[in-house]
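Please open the structure in the viewer and keep the selection tool at hand.

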Amino acid sequence: MRYTKLNFMMSVLGIIIYITDLIVDIWVSVRFFREGQYVFSVLTVSFMLFGTLVVQCFSYSWFKADLKKAGQESQHCFLLLHCLQGGIFTRYWFTLKKGYHVAFKYSSKTDNFIEEQIDLHKEVIDRVTDLSMLRLFETYLEGCPQLVLQLYTFLEHGQANFSQYAAIMVSCCAISWSTVDYQVALRKSLPDKNLLNGLCPKLTYLFYKLFTILSWMLSVVLLLFLNIKIALFLLLLLWFFGISWAFKNQTQFCASISMELLYRVVVGFILIFTFFNIKGRNTKCPMSCYYIVRILATLGILIVFWVCPPSIFNSDYFIPISIIIALTLFLGIIFLIVYYGALHPNRGEEAKPDEIDGKPVQIDCRMKYFLME
């Protein structure tokens, strides 16, 4: 288990995408406000605040847990940084600083690791995993609702300015990147899990997630045009079912009860958009049920939209949108079947780390209780 130069470059790319997404969201909200679309402007800012506040809570909670584990007192400067929404940037600073030292100095010395070198690489990998988890939270809490909003405004007006096109593209990139990066980083941080190696499995997983999510988002947008109240009720109902599923599985991710409750709320929100195995167990049946319901719901929305098309919707867009929804859903399911049928790492066979002199590799960490697929 080592942190390589390629991993460092991926970490740099991650913060570039994160900052770009943040800047574009602020740009879009300002553009909405200047055009007099105050509701959309407020919604954009609200999604940003919701996502970042939740992420700051988890980040600070993990900082406290790590300091306590190391026998150090909690530092008030970390609390201040997180209150100022600087928790993610603080983590990136520590991670990139330590990661550069490990990737470009230790990796060039020798391939025969000593105990200290293994601990340094594992420390950086754990920090990168924390960041990938936080980005995943923010992507689904803020990025997915933002993408739905941008698609809605685009279809409502029949045209979009450059900022909206940029927001849609950046949101798709952020969702794709955070989803794959989380899966790769999480498996790398857990020695008892097989790695997601090779370009083909990663691309297959990426397209499976991206196509199924995009299809569902477009379906939700069509439902919003039909009836906003029904669409919101459906989303809240799915959120409730997701939270109930997390409680049923008795997740054990956080040390405190309050943070565990928040975690289950976040899990429920993620399950609105895509399926995640929240306990690392065999979930073939729940996943099958999840996507069967997704297919039926998507078909139901399309049928209702064909029968009762709303007058405010531009009819010229309906046939192309319907084709895109059906095609992306079909391709997403195909990629899902290929990934789990041929390319998914074999979780039934534990990966045994090489024996080393000194203490064994530690696998007792919070990551083993996180979303695993």
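Select Y205, Y208, F275, Y290, Y291, Y339 and Y340, which together form one aromatic cluster. Rings of Phe, Tyr and Trp (its six-membered ring) are paired here if their centres lie within 6.5 Å; planes under 30 degrees apart count as stacked, over 60 as edge-to-face and the rest as tilted. By this rule there are 24 aromatic pairs. The model is predicted: local features need pLDDT of at least 70 and side-chain atom pairs count only at pLDDT 80 or more, while totals for chains, interfaces and linings use all residues. Residues are numbered from 1 along each chain as its sequence is written, and side-chain values use heavy atoms, with hydrogens and water left out.

Next, select Y182 and F276. Their ring centres are 5.6 Å apart and their planes stand at 80 degrees, so the pair is edge-to-face. This pair links distant parts of the chain, 94 residues apart: Y182 belongs to helix α6 (residues 162–189), and F276 to the loop between α9 (257–273) and α10. Helices are DSSP runs (H or I, at least four residues), numbered from the N terminus. Are these two residues buried or exposed? Y182 is buried at 0% relative accessibility, and F276 is buried at 1%; buried means under 20% relative accessible area, exposed over 50%, and partly exposed in between (1.4 Å probe, protein chains only).

Y339 is buried, at 0% relative accessibility, whereas Y340 is partly exposed, at 27%.

Two further rings have a charge over them (NZ of Lys or CZ of Arg within 6 Å of the ring centre and within 35 degrees of the ring normal). Select R91 with F63: the charged end of R91 is 4.3 Å from the centre of the F63 ring. Then select R264 with F247, where the corresponding distance is 4.6 Å.

Now move to T52 in helix α2 (residues 38–69). T52 counts as buried, at 11% relative accessibility. Which residue does the side chain of T52 contact? Its partner is the side chain of Q85, in a polar contact of 3.0 Å; for these side chains, the term denotes a pair of N or O atoms within 3.5 Å, one able to donate a hydrogen and the other to accept it.

Definitions and conventions
Helix = DSSP H or I, 4+ residues; strand = E, 2+ residues; numbered from the N terminus.
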